[in-house]
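Biologist: I'd like to learn how to read a few features off a model like this one. Can we go through them one at a time?

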Amino acid sequence: MNSARSQHSAWRGIFLVYRREIEARMATKGYLIGLLGTAAVIVALVVGFAPGAPKTYSVAACGAPAGATSSPGAQIHVIGCSGYANAADLVQHKHADAALATAADGRITIVQRGDSPASAKQAAQQIGANWAGTTALQRQHVDLARLRSDTLAAQPSTVTLPTGGHAYNDHGVGAAVAMVLILFMQIFAQGALIAQGVVEEKSTRIVEVLLSTLTPFRLMIGKVAGIGTAALGQVFAMAGALIITEEVRAGHTPALPGPAALASAVAWFLLTFVLFAFLFAAAGSTVSRPEELQSVLTPITLLATAPVGVATAAAGSLDAHWVNVLRYVPPFSGLLMPLQASVHIVTMGQQLLAAAIMAITAFVCAWIGSRVYRNSILRLGATVKWRQALAA
Amino acid sequence: MNRLDIDSITKSYGPNRAIDSMSFSVEPGQIFGFVGANGAGKTTTMRIAVGVLDADSGRILWDGRPLTQQTAERFGYMPEERGLYPKMTVAKQLTYLGCLHGLSNAEARQAMLTWTERLRIDEHRSKTVDSLSLGNQQRVQLAAALLHEPDLLVLDEPFSGLDPIAVDDMSEVLREAAVRGAAVLFSSHQLELVERLCDVVGIVQGGKMLAWDTLDTLRDVPGASRLYLELEDARENWADQIPAIKAHQPHGRGTLLELAPRADENDLLLEAVQFGRVREMAWHKPTLTQLFRDLVEPAPALETAS
């Protein structure tokens with residue numbers, strides 16, 4: 001009974017701290033503006049980097065010989081005309097980018113402007129050559145239908161030999177790298193917020209009042225969970241903006257990670273966030289003033305930067321042997337696993353194994369962090385060394 | 001209501017021993033004044049008492065049982081360095097802290113309304129703490145410690161920086177808490193205030209409890225009280241010639257005396273009248289300030305009668 005009450009009290013305490021963090025961070029205009037801004041930036045990036053719709057050129061053609069079947073290509077739109085004068089008029093007034101017309105004597109004239117696009121001029125030339133060939137074959141009484149049929153039957157087949165490249169389609173790896181890097185940046189930003197929150201509670205001395213009702217570990221968990229939720233809100237805003245933009249501009253966006261890759265990235269973001277969050281909180285507890293934070297955050301920031309460098313190096317060859325080893329090692333797994341998931345070269349079982357290793361490491365970091373926090377949070381003055389805090 | 005027992009606690013910071021086998025008890029309904037010089041170990045002891053710090057050894061007992069986080073929730077604590085969220089409104093802050101002490105949202109809100117009114121800060125409920133004067137911030141801090149009607153109230157220097165009206169308000173609140181049955185432990189350097197408010201006083205130095213008891217008992221310690229005698233027209237050195245006087249020193253218009261072993265007031269009076277007219281004779285009990293000085297920095301002994 002006592003234990004159950006104590007557990008209830010523990011959860012309630014954590015929840016109260018969590019709720020206060022949420023209210024202090026998310027129920028503000030700044031946070032909402034930040035969310036909208038983040039979503040807007042994602043939409044702008046996706047649309048900005050999207051390849052434009054392929055340009056189509058118009059070629060006016062009149063007087064095609066019977067049996068001519070030239071296909072000028074998908075980007076060429078062939079329009080009709082009534083003779084040379086009409087063709088010249090269409091080109092002159094930019095209703096067509098180029099034209100070709102057959103005179104009464106069978107001669108073909110290509111009409112173009114000085115600024116006609118090369119593709120249109122090339123298409124007109126190609127059609128003209130095709131017409132000329134057809135006319136010549138007709139003059140020699142060649143059975144054009146049979147010729148076409150024989151030509152089709154003799155079409156070459158294509159065999160692509162392996163070149164020793166990737167065992168995956170690297171279409172979209174760039175976007176996946178960008179996605180996980182953006183998520184990782186969130187860890188830096190939110191980790192710094194956690195450290196700042198801790199040192200503010202220490203410098204305003206409110207922590208002493210809080211610790212008279214809560215254990216340091218519960219206080220840390222509530223704080224990390226609250227700030228983590230705020231971070232997750234931003235991640236969801238980014239993912240939502242990405243998915244909606246993809247849907248709205250279907251076919252006009254660059255190759256983006258699919259929903260499964262997005263889900264994997266968010267899950268790995270959470271695990272990596274937890275891994276670092278307690279270390280950031282512990283670092284915050286070792287100093288007495290916010291302006292002293294930078295010096296104690298640098299080592300953790302460097303530790304968190306290492307996976308970014310590794311991921312950038314791995315992006316060129318995500319199935320390399322060293323990547324397949326490092327993907328199980330925290331914190332590198334936090335970036336490598338979602339990257340591999342985006343190109344489908346990692347199984348769910350492998351992800352779960354790496355996640356278990358990450359979870360155990362996160363627990364160890366939480367334990368170390370809470371010990372440093374507990375032994376530093378009431379010590380004012382000079383920065384508390386981690387060794388001192390762990391030994392106390 | 002329950003009693004707090006501090007049982008032989010010890011705490012060191014590296015090589016420095018902050019608390020050394022400290023023991024004392026605070027009964028329900030009792031106001032315990034904790035006095036000592038800076039660095040004597042008061043704050044550390046109080047932090048350990050409310051569970052903010054762990055002792056290296058020794059026990060904290062509440063109702064005879066070791067302190068748990070759950071029982072500590074029923075304590076009210078006001079740290080020496082006032083601690084509040086500067087950018088949070090008074091109402092939100094107090095409601096939040098009330099909830100942390102186990103009140104429901106509705107109870108915490110009601111308690112916030114009651115105590116802000118009781119401590120005359122109701123007009124500041126919607127203001128952020130950093131916009132209040134230091135005195136009002138102190139009242140908010142006191143309200144935070146009282147919201148949940150704690151069974152034990154631990155206040156570290158609650159009177160420091162308060163104006164006389166706030167001191168009276170704070171004193172009244174402490175008395176009310178004791179009348180309600182709460183055990184009250186507070187530290188202060190304002191010894192006159194401690195003397196006025198407290199049932200029991202503990203004097204600490206160098207992390208050790210030098211003495212703790214009711215003020216009357218402390219004053220009645222053999223050798224602590226002096227007899228004040230004022231003789232009119234007495235010649236010089238009269239005190240040296242009275243066998244009932246062991247030691248003496250001038251004090252105001254008269255003399256402070258320590259009686260010789262087995263001598264009493266009558267012996268003294270019989271001999272003193274031979275040297276002059278006795279204008280006044282009374283036991284002079286030491287003030288807390290004198291007791292404190294005697295214990296912490298013993299004054300030179302009275303001049304021994306020759």
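**Salt bridges, a disulfide and an interface**

Modeller: Let's start with a network of salt bridges, which links R20(A), E21(A), R25(A), E201(A) and K223(A). A salt bridge here is a side-chain nitrogen of Lys or Arg within 4 Å of a carboxyl oxygen of Asp or Glu. Some ground rules: this is a predicted model, where local features need pLDDT of at least 70 and side-chain atom pairs count only at pLDDT 80 or more, while totals for chains, interfaces and linings use all residues. Residues are numbered from 1 along each chain as its sequence is written, chains are lettered from A and ligands numbered from 1 in the order in which they are written, and side-chain values use heavy atoms, with hydrogens and water left out.

Biologist: Which parts of chain B does the R118(B) and E172(B) pair link?

Modeller: R118(B) and E172(B) form a salt bridge, their closest N and O atoms being 3.6 Å apart. The pair links distant parts of the chain, with R118(B) in helix α4 (residues 105-118) and E172(B) in helix α6 (residues 164-180), 54 residues apart. Helices (H or I, at least four residues) and strands (E, at least two) are DSSP runs numbered from the N terminus. R118(B) is partly exposed at 27%, and E172(B) is partly exposed at 39%.

Biologist: Now disulfides. Which cysteines are joined?

Modeller: The rule asks for a pair of cysteine sulfur atoms within 2.5 Å, and the count comes to one over all chains. The partners are C62(A) and C81(A), at 2.2 Å from S to S. C62(A) sits in strand β1 (residues 57-62) of chain A and C81(A) in the loop between β2 (76-80) and α3 (84-92), so the link ties together parts 19 residues apart in sequence. The angle about the S-S bond is -90°, a left-handed link, and both C62(A) and C81(A) are buried.

Biologist: How do I read the interface between the chains?

Modeller: Interface size is often given as the accessible area lost when the parts come together. Between chain B and chain A, about 2400 Å² is buried, and carbon and sulfur atoms give 56% of that. Q69(B), Q70(B) and Y85(B) supply 26% of the area that chain B buries against chain A, more than any other three residues. Counting contacts (heavy atoms within 4.5 Å), 29 residues come from chain B and 24 residues from chain A.

Biologist: How many salt bridges are there between chain B and chain A?

Modeller: Two. R205(A) forms a salt bridge with E81(B), the closest N and O atoms being 3.8 Å apart.

Conventions: Buried means under 20% relative accessible area, exposed over 50%, partly exposed in between (1.4 Å probe, protein chains only). Buried area is the accessible area (1.4 Å probe) that two parts lose on being put together, summed over both.
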